[in-house]
Each structure stands twice: as C-alpha cells, then as structure tokens.
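Subject: Structure handover

Hello,

Here is the structure I promised you. Please open it and keep it in view as you read. My notes follow below.

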Amino acid sequence: MIKTIEWTDGGIRLLDQTKLPTEEVYVTCHTWEEVADAIKKMIVRGAPAIGVAAAMGIALGARDADAGHVAELRREFDHICEEMAETRPTAVNLFWAIRRMREKFEQCSEMPVERIRQELIAEAQRMFVEDLAVNEAISKHGATLLPSSGAVLTHCNAGALATAGGYGTALGVIRVAVESGKKLTVYADETRPFLQGSRLTAWELMKDGIPTTVISDNMAGAMMRQGKIQAAVVGADRVAANGDVANKIGTYTVAVLAKEHGIPFYVAAPWSSVDMECPDGEHIPIEQRSAREVTHVGATRIAPEGVQIENPAFDVTPARYVTAIITERGIARAPYTESLKRLAETAMAV
Ligand code: MRU
C-alpha cells in the first residue's frame, strides 16, 4: 500500500508529492508548524489527505505543547487549529478535521492534560483508519457505475496519494471496477499547472498495472469526439448542498465536454467533502496559488518575465453537469438538494 501519511512517534511521515514521480522520498514533520507548511507546499495534498494530515499535525502540536494545565493546553491547541485553518481554503475536509479535533478536545476537557493529549492522538489516528474504510466503500459503490469495458478519463489525482492511502476515491472507483473484471483503461489529464495527473495519477496506476495514457488537458475534447472515452470520474474538494462541485482547475471543462458528448461525469468524494452549510458553488472559496506554478515547469521558465498570471487552483462544476456523486453513504443523483439531504440523514454505512 502507498503510505501517503503515517503517524510515527518521531513525527508525521509524509511521502513528498512534490518530488514524484522521479524520486520516492519521505519527509518527517517534527512539529505542527512543519505539517502546516507541508500542506501549504503540497508535499501532502488532496482533500482527504489534507484533513488527516491536519488532524495529525494538531495532535502532534498538542502532544508537544508546553502546558501543565488544561487552560494552557487549550490556548496552544486553539492557536494551532487557527493556523492550520489558514493553510488551504478550498478543501472542506481541512475544516471538517479541525472541527472534529475541537469536538474531541471539548469531550475530554475535564480530563488531565496527559490524557487529553492521548485522546487527540487517538482521534487523529482514528480519522486515518476511517478514511481507508470510507474510500473502500466509495470505490465499491462507484465501480458499479463504470462500463464493463472502455476508457475512463480522470483529472488531477484522487487516488491513494490524495487520501490516507489505500484505494483513494476516483481512482478507487476505477481500481475496484478493474478488480471486479471490467476491462478498463485510463486517460489521465496531465492537470496543469501542478501536474497531479501526469506526475501522481500515472505513477499510482502504473504501480497497479492499470493501462494508463497521459494526455495534456487540451486533448480531452478531441478524445471524447473520437469516441475514445466512455466515462469520466473525478474527486472533489468541496461539494455544496445543491450538488455544485469544487475540484481541481480544469474539472469544469471536462464536465462540460462530457455533457456535450453524452459521457457520464461522476464525482467520487467522502462525506467529509460535502459541505451542507454551503448552499452552492458561488460560496466556495477558491484558492489562488503562486504565479510561479504557471510561469515555470520545475526550474524552467515557460512564460516571459513580467507577464500577468492567474492561478486559481480550483473551479466549480455546476450540479447540472454531474451525473452522480458517489459517497460512502451511497450514490446521489439530481436533484442533489434532495438526494444529498437524504444522505446527510443516513448514518455512515461502513
Ligand atoms: O491542489 P490539490 O492537489 O490538493 O487538489 C486535489 C484535487 O483537486 C483532488 O481532485 C481532490 O482533492 C479530491 S482528492 C480525493
């Protein structure tokens, strides 16, 4: 299994995703500040992975906080949670994870300091284990939707690297479909500018022996027109209550193209990516990242110095383009306002 994130007594061990696919190296974050920095720099990335890493970072910070009394621990804990919340704004899993850690602190606040620290570590580790189970459930639900043969397009990386590990979400759907005997190949959009598709998705799927073809993002339309793509499946950073989906920049383009060509467009996401307090995509904050991600590939400049750059890291796909949203609680279809509300009331079935 790909070890994306691991709690060790020495710190949080992360597979450095900025170095893949050429180098498979791990970094150990010894402090919560290093974890926050790793999230910002995308050493660890992908909505569920960000959530689990943040929870572990908070637990690490609480473990090592210089606090003799609960009030002192709480002060430091609050500070860490606030700083973690500033790392990346779009993936709601980050805020879900912070809220869960805060709730755990409240539940334990009458306990001795050492016990609170232990409880927070246990909660972060539980979130890790749960994420693996959630991904497996999503994958099993989603696999039933894919055709028995053909090619599936995916965008960005929504695999083991984007989660605690294991199946991943969108890639999990493909993995389980292949395991169940479906004859599928994958088209991986390279996913400019950070190249999660060519660097990470292709790396993951090749490890599994799933036939994968990398295409540059602007090739997807032509491939669809030529009948080479039978379904699209992507992950999500935040699903609004009306079914609008924020995901990696370029997802919207894929969804519009899929609709034009009559190809189903599926979103696979854990319930922790669903934000029922967010009415629609207009209310989802979109992270703007550094211009350098666009002007450079590695160390090489590919745009003239001084030119204006925009780099929104995510876009919003309106619900009308989404064929189904696959979660561990089941599959939601339009009208999403109703189907997501129904799933919100469903106890998690994993
Ligand atoms: O900027 P990133 O690499 O963190 O963006 C990741 C994505 O957009 C993924 O598709 C999404 O987080 C789902 S991961 C299961």
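First, a term: a polar contact is a pair of N or O atoms within 3.5 Å; within protein, one must be able to donate a hydrogen and the other to accept it, and residues adjacent in sequence count only if both atoms are side-chain atoms. Now the basis. This is a predicted model, where local features need pLDDT of at least 70, side-chain atom pairs count only at pLDDT 80 or more, and totals for chains, interfaces and linings use all residues. Residues are numbered from 1 along each chain as its sequence is written, and side-chain values use heavy atoms, with hydrogens and water left out.

The ligand

Start with Arg88. An N or O atom in its side chain is 2.8 Å from an oxygen atom of the ligand. For Arg45, the side chain also places an N or O atom 2.8 Å from a ligand oxygen. For Lys248, the value is 2.7 Å, again from a side-chain N or O atom to an oxygen of the ligand. The protein buries 100% of the 410 Å² that the ligand exposes when taken alone (accessible areas come from the Shrake-Rupley method with a 1.4 Å probe; for residues, only the protein chains shown count as cover).

Which residues are closest to the ligand? They are Arg45, Arg88, Asp237, Asn247 and Lys248, out of 18 that surround it (near means that a heavy atom of the residue lies within 4 Å). By class, this shell has eight nonpolar, six polar and four charged residues (Ala, Val, Leu, Ile, Met, Phe, Trp, Tyr, Cys and Pro count as nonpolar, Asp, Glu, Lys and Arg as charged, and the others, Gly among them, as polar).

Where does the ligand lie? Domain 1 (5-136) and domain 2 (139-344) both give residues to the shell, so the ligand lies between them (the bounds come from an automatic or database domain assignment).

The backbone

Two peptide bonds are worth a look. Leu20 and Pro21 are joined by a cis bond, with omega about 10°. Ala334 to Pro335 is also cis, with omega near 0°. Pro21 sits in the loop between strand S2 (11-15) and strand S3 (26-29) (helices are DSSP runs of H or I, at least four residues, and strands are runs of E, at least two, numbered from the N terminus). Pro335 is in the loop between strand S16 (330-332) and helix H11 (336-344).

Best wishes
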